[in-house]
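Biologist: Could you walk me through this one? I'd like to go over the contacts and the charged pairs with you.

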Amino acid sequence: MGLDFVRNYGGSRLEGGSSLPDQFGTPTNGEEERQQIQLDIERNLDHWTAIPVSQVNQWRPGQWAYSPIRYIDGKDVGQIIAWIRSPEGYPVPIRLSQVGGVAMRVIEGDIRREFFQVEKVISMPVDFFPADEVESFALAIQGHGFRLLPATLSRSEYLMNYEKLRSIADQRTREEMMTLEEAAIAQDAGTPTIVDGALDAHAGGFDKNTCPVFGVIKRHYRSYLHPAGQLLLYGLRAAERTPAFVLRREQRPALLTWYLKINDEPGLTPDSGYVRVEVAYDWFITQHMDWDFADRLSRTLYEYRCRQRSYSRAAVSLHPIVRAEESLGSLFSTESSIYQRFYRVTEI
Amino acid sequence: MTPSDSQPQSVIRQAVQSVWTDAGYDAPSAGIVPLFELVASYPIWVAEVENLSISRAVHYLAERTGQTPEMGLAGDGPLSGFLYAYQYRGSFVGCILVENRDSVVRRRFSVAHELGHYKLHFEPMLAQLAQDQSDEGLLITDAMLYADPKDGSSELTSGEGSALPVRTGVVLPQPAIIMSDEKEAEANQFAAVLLMPDTILHERIATLHLIPGQPRGYLASRLASEFLVSKEAMVYRLAALEI
């Protein structure tokens, strides 16, 4: 069977138009699960006021032991490039992507690429097909530099829902990107590190009790705050943060988290310009940190805010993360060449 | 026939190596193990069956062979894998069935597990019969059960099986050798060693820039798709190899 797998199951090209918007920080990041929110950990609810972080006197981020000098990002560039029919006749999407993870290190003001991994992957729901044929296909594309990512699903529930299958294929690719980010974190997880996105999604790359790895979340799909806290968030000025609060979840480590406004230039929407910072609560406790830590980390992140107005997500981005994204992008092949290669080897 | 004690690791490794050798390979190749190509070097056919159970297996084999087979197994709960191997005076029927609603990675593990029973338990018994110049034949069956029937993704399994003597073409219910938990564990180990060869894993890990003392929690996810196995299976394998 091998490469004939795609053709034998009625493979059709799908060219253009199915590329998806960036999904960093979507609710699938564990944000929808049940959790307890403890808002009064730093301040009583009655005393929730903006906390300025630029007032940390006689101090520069570079002089602080916990100043993050490693920045981790991932990239997933791809789209549904073909579809085949399951043995029952239902359409099944094939997503072809380049995924990568990169670690950037700040050295005396310079941002240098420290580590990267880039791969070409094909993700698709495969459980509808005979295992020997899937194996044969995976072996065949492996010989052409592609890795199959089997997207597993509940057969009876989703087979007839193409949109669901598509999102499962997308999600599988994204998981692989985060695994590569974890690999990048793990290269030196003992060094203060910022990861682009939720800590939960990168938990395999560091020890939550001992590693100073912090998450910065740019997109906010869920509100954690009480009404007064939400009003406070909308009213934050640049270099101000909310009081910290704790998220306790089932079967996941507790997180200490707060919002930080990094950009309040005119023209931004009210819900823009702020990020949510995540710190493993166990680490915060075991390392005997206090609220000064939150101020200093916030101040450091503020200093590293992206000032490149031409960058589309500048309002919520950190400069080293933007550089990481650019660095990864330079390592990727052009999309069309990869897609054409797939069409050529599968003869569709 | 006598039940043997738990097989040492070296026996399992030898059995796995013989699978590669029998298929014409000197050693495992990098990446995904061509499991179905390896199985094809044996007179065993593999089929995927929906709602696999012992009665479904009986039905399937009856359709395929034209004869209602003896099983030597009781119960009719859901199965992830099933092995039927019968030999008597040059007549051989070998079949591995797997549940086709399981994930692909789970199906592969089930096939490898049943191949493990064939290599570790069926072949040595046949060799012993030949050495004894016995007129007896042998029927071996194994039913691979789900640890949690609701969770087809888990490869934590238990199983039950038996080896029955065949005399004058008749399967005798006694004395039966019941597949022990140890034998099920051996078959699982065989599957793990076959699907995730240690030499290839070590080679791969050497190229992944792993830093001593740094976290490795992501490794199982990273390697599972490279070997087309589940993350859970890879977690166990890496732990067994102390990686």
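Modeller: Happy to; below are some questions and answers on this predicted model.

Biologist: Let's begin where the chains meet. How much area do chain B and chain A bury between them?

Modeller: On the contact side, 29 residues of chain B touch 36 residues of chain A. Carbon and sulfur atoms carry 57% of the buried area. The total that chain B and chain A bury between them is about 2,300 Å².

Biologist: Which residue of chain A meets Arg108(B) in a salt bridge?

Modeller: Two salt bridges are found across the interface of chain B and chain A. The side chain of Arg108(B) takes part in a salt bridge with an N to O distance of 2.9 Å. Its partner there is Glu135(A).

Biologist: Now to chain B itself. At what angle do the axes of helix 6 and helix 8 of chain B cross?

Modeller: Helix 6 covers residues 198-206 and helix 8 covers residues 231-240, and their axes come within 12 Å and cross at roughly 90°. Angles of 65 to 115 degrees count as roughly perpendicular, so helix 6 of chain B is roughly perpendicular to helix 8 of chain B. The crossing angle is roughly 90°.

Biologist: How many of the residues in that contact of helix 6 with helix 8 of chain B are nonpolar?

Modeller: From helix 6 come Asp198(B), Leu201(B) and Ile205(B), which meet Met234(B), Arg237(B) and Leu238(B) of helix 8. Two of the contact residues are charged and none is polar. The nonpolar ones number four.

Biologist: Is Lys183(B) buried or exposed?

Modeller: Lys183(B) sits in helix 5 of chain B, residues 181-195. Buried means under 20% relative accessible area. Because Lys183(B) has a relative accessibility of 4%, it counts as buried.

Biologist: Over to chain A. How many residues apart in sequence are the parts tied together by Asp295(A) and Arg241(A)?

Modeller: Asp295(A) and Arg241(A) form a salt bridge, with their closest N and O atoms 2.9 Å apart. Asp295(A) belongs to helix 7 and Arg241(A) to strand 10 of chain A, so the pair ties together parts that are 54 residues apart in sequence.

Biologist: And Glu176(A): which residue of helix 4 of chain A, four residues apart from Glu176(A), lies about one turn of the helix away?

Modeller: Glu176(A) has a salt-bridge partner with closest N and O atoms 3.1 Å apart. Both partners are buried, and both belong to a network of salt bridges that also includes Arg204(B) and Glu226(B). The residue about one turn of helix 4 away is Arg172(A).

Definitions and conventions: Residues are numbered from 1 along each chain as its sequence is written. Chains are lettered from A and ligands numbered from 1 in the order in which they are written. This is a predicted model: local features need pLDDT of at least 70, side-chain atom pairs count only at pLDDT 80 or more; totals for chains, interfaces and linings use all residues. Side-chain values use heavy atoms; hydrogens and water are left out. Axes are lines fitted to C-alpha atoms, for helices over the stretch in contact, and angles run from 0 to 180 degrees between N-to-C directions. Helices (H or I, at least four residues) and strands (E, at least two) are DSSP runs, numbered from the N terminus. Angles under 35 degrees count as roughly parallel, over 145 as roughly antiparallel, 65 to 115 as roughly perpendicular and the rest as oblique. Contact means heavy atoms within 4.5 Å. Ala, Val, Leu, Ile, Met, Phe, Trp, Tyr, Cys and Pro count as nonpolar, Asp, Glu, Lys and Arg as charged, and the others, Gly among them, as polar. Buried means under 20% relative accessible area, exposed over 50%, partly exposed in between (1.4 Å probe, protein chains only). Buried area is the accessible area (1.4 Å probe) that two parts lose on being put together, summed over both. A salt bridge is a side-chain nitrogen of Lys or Arg within 4 Å of a carboxyl oxygen of Asp or Glu.
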